[in-house]
Amino acid sequence: MDFETLLSYEWGVMMPEFIILGVAVALSLIDLFMPENRNRQLLGLFAFVGVAVSFVSLLGLWTSDVTSILGDTFRLDSFAKSFKALLLIGSALVLLLSIHYEPKERIAYRGEFYYLFLTALLGAMMMASSGDLITLFVGLELLSISSYILVAIRKKHTLANEAALKYVITGGIATAITLFGMSYIFGFTGSTNIKEIAGQLASTYDENHQYILSLAFLLTFVGLSFKLASAPFHMWAPDVYQGAATPVVSFLSVVSKTAGFVIVLRVIVSVFAQTPTGSSASMLMTLAPYIAFLAGATMIIGNTMALRQRNVKRMLAYSSIAHAGYVLVAFASLSMFMFEAIWFYLFAYVFMTIGAFAILQVVSQHHDDEDISIFAGLYRRSPFMAVAMTIFLLSLAGIPGTAGFIGKMNIFLGAFVVEPAHYVLASIMVVTTVISYVYYFGIFVQMFFRPVEHTHRLQWPPGVIAVVVICIIGTVLLGVFPNIAYDWLAPFEHFSDFLQ
């Protein structure tokens, strides 16, 4: 590839990624030469500004046509733009939280946290725009390796070290399984380009090949299920959530999970959703019952296990597992509105989850504990934050008037607009949602109906207050006026350019 060919590419479509990369490199150099006694919180503000500028550059590309560069390994289509927006919004909110995070044992490597955070975000953004299995895998590894280090950033905390070890082991196994499944896809088609793979699988059909393709599908999906924390590949999540720093947990719960669904949609739907010539159904339609089974098991296990938790982080970990099951319902249904339903749910999940973790961060730091009893009497000590936490819990539970309700309703209705309708899966979704009321309302009871041990008010840092206010606005607006989000997606015409 000569210099003129490189100049001929429309590098502007990668501007959001270039900004994140540039800020990450700048932060690493600044941290290297900054005196050790200087406050590293300024680096967090610099990282936040970088993410904000990247988001503005993405908005500048919002109405641009589908663009593919570097041999179709990087694509800027409606799918990439919409999910990058979620990744950047979630990352900006998490960065605001991290600036004010001060654990008891102190973080000696706070500067490293910020540029590792940005490299993880960069990997997730690359996954959203990948048009090739190789770049997709590189983005996945960039996200994963950075996440392993972020989990262990509290070096002197025993639970953090244990969590990081478990995360590395399970993540490595998941990566191997995913790569094994992708190797079958490459071996069968002779290409790593997703569009070429989809074209070859759609033009050829042989019953003898279906077993190999089924194995490739299951291996790839099982490997990616670790990233989603869906049952039965979820066992790392509770320990990692409990041991990791609260901003890191927020990142894993929102940004990393969104990236997991990005790669599932990019690979599984692009490659296996095409109906081959001579066949009556696509591979994805044929194997949809397996996805439905995983969705049902994830919802049941996540919600029932959360009932027994006293540690709030572990409770929210199982809650996160259950929410992965809800999103998998939309994936198993394969309705024509699947992309919109998944995108809206993940958008709502950004606000209600990060808002809940923001309040948990301050309350747990004040008590140096994460037991549910730390919320006792919160309404008397901080009425606004108690009401805010109530809004986030109601949204997570799917109560009408909140973004969580609209998101679940979209997925629930999507299970009925297909043939055959998924009555069992929809029923499990309703029952497990009702079960979730028990542990969500347990926190509600602590805040409003339990006596408070200490009457002094909590100190709320300005960054945390900003995050809580933004998350309240997002949760309520998306619950009352969901068309705001759909109007934002209007230029994309139901992601019609996804497979172009």
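Mentor: Helices and strands here are DSSP runs, numbered from the N terminus: helices are H or I runs of at least four residues, and strands are E runs of at least two. The model is predicted, so local features need pLDDT of at least 70 and side-chain atom pairs pLDDT 80 or more, while totals for chains, interfaces and linings use all residues. Residues are numbered from 1 along each chain as its sequence is written, and side-chain values use heavy atoms, without hydrogens or water.

Trainee: In which loop is Leu334 found?

Mentor: Leu334 is not a glycine, yet its phi is positive, near 55°. Most residues other than glycine have a negative phi. Leu334 sits in the loop between H14 and H15.

Trainee: Is Asp72 buried or exposed?

Mentor: Asp72 lies in the loop between strand S1 (67-69) and strand S2 (74-76). Its phi is positive too, about 65°, and Asp72 is not a glycine. Buried means under 20% relative accessible area, exposed over 50%, and partly exposed in between, with a 1.4 Å probe and protein chains only. Asp72 has 12% relative accessibility, so it counts as buried.

Trainee: Which residues does a cis peptide bond join?

Mentor: Look in the loop between helix H9 (210-228) and helix H10 (236-243), where Pro232 is found. Most peptide bonds are trans. Here omega is about 0°, and the cis bond joins Ala231 and Pro232.

Trainee: At which residue does H19 bend?

Mentor: Helix H19 (residues 423-449) has 27 residues and reaches 38 Å from first to last C-alpha. That is close to the expected 39 Å, where the expected span is 1.5 Å times one less than the number of residues. A bend is the angle between axes fitted to the seven residues ending at a residue and the seven starting there. In H19 that angle is about 30°, at Tyr440.

Trainee: What covers the buried residues of H19?

Mentor: The buried residues of H19 include Leu425, Met429, Tyr439, Tyr440 and Met447. Among the elements covering them are helix H13 (288-306), helix H14 (312-333), helix H16 (378-381), helix H17 (383-397) and helix H18 (403-414).

Trainee: How are H2 and H3 oriented, roughly parallel or roughly antiparallel?

Mentor: Axes are lines fitted to C-alpha atoms, for helices over the stretch in contact, with angles from 0 to 180 degrees between N-to-C directions. The axes of helix H2 (residues 15-33) and helix H3 (residues 41-60) come within 8 Å and cross at roughly 165°. Angles under 35 degrees count as roughly parallel, over 145 as roughly antiparallel, 65 to 115 as roughly perpendicular and the rest as oblique. That makes H2 and H3 roughly antiparallel.

Trainee: Does H15 pass H17 in a left-handed or a right-handed crossing?

Mentor: The axes of helix H15 (residues 338-367) and H17 come within 9 Å and cross at roughly 140°. The two are therefore oblique. A crossing is left-handed if the near helix is turned anticlockwise from the far one by less than a right angle, and right-handed if clockwise. For H15 and H17 the crossing is left-handed.

Trainee: Which residues does Ser364 touch, not counting residues up to four places away in sequence?

Mentor: Ser364 lies in helix H15. It is buried, with a relative accessible area of 8%. Contact means heavy atoms within 4.5 Å. Beyond its sequence neighbours up to four places away, Ser364 touches Asp369, Glu370 and Ile374.
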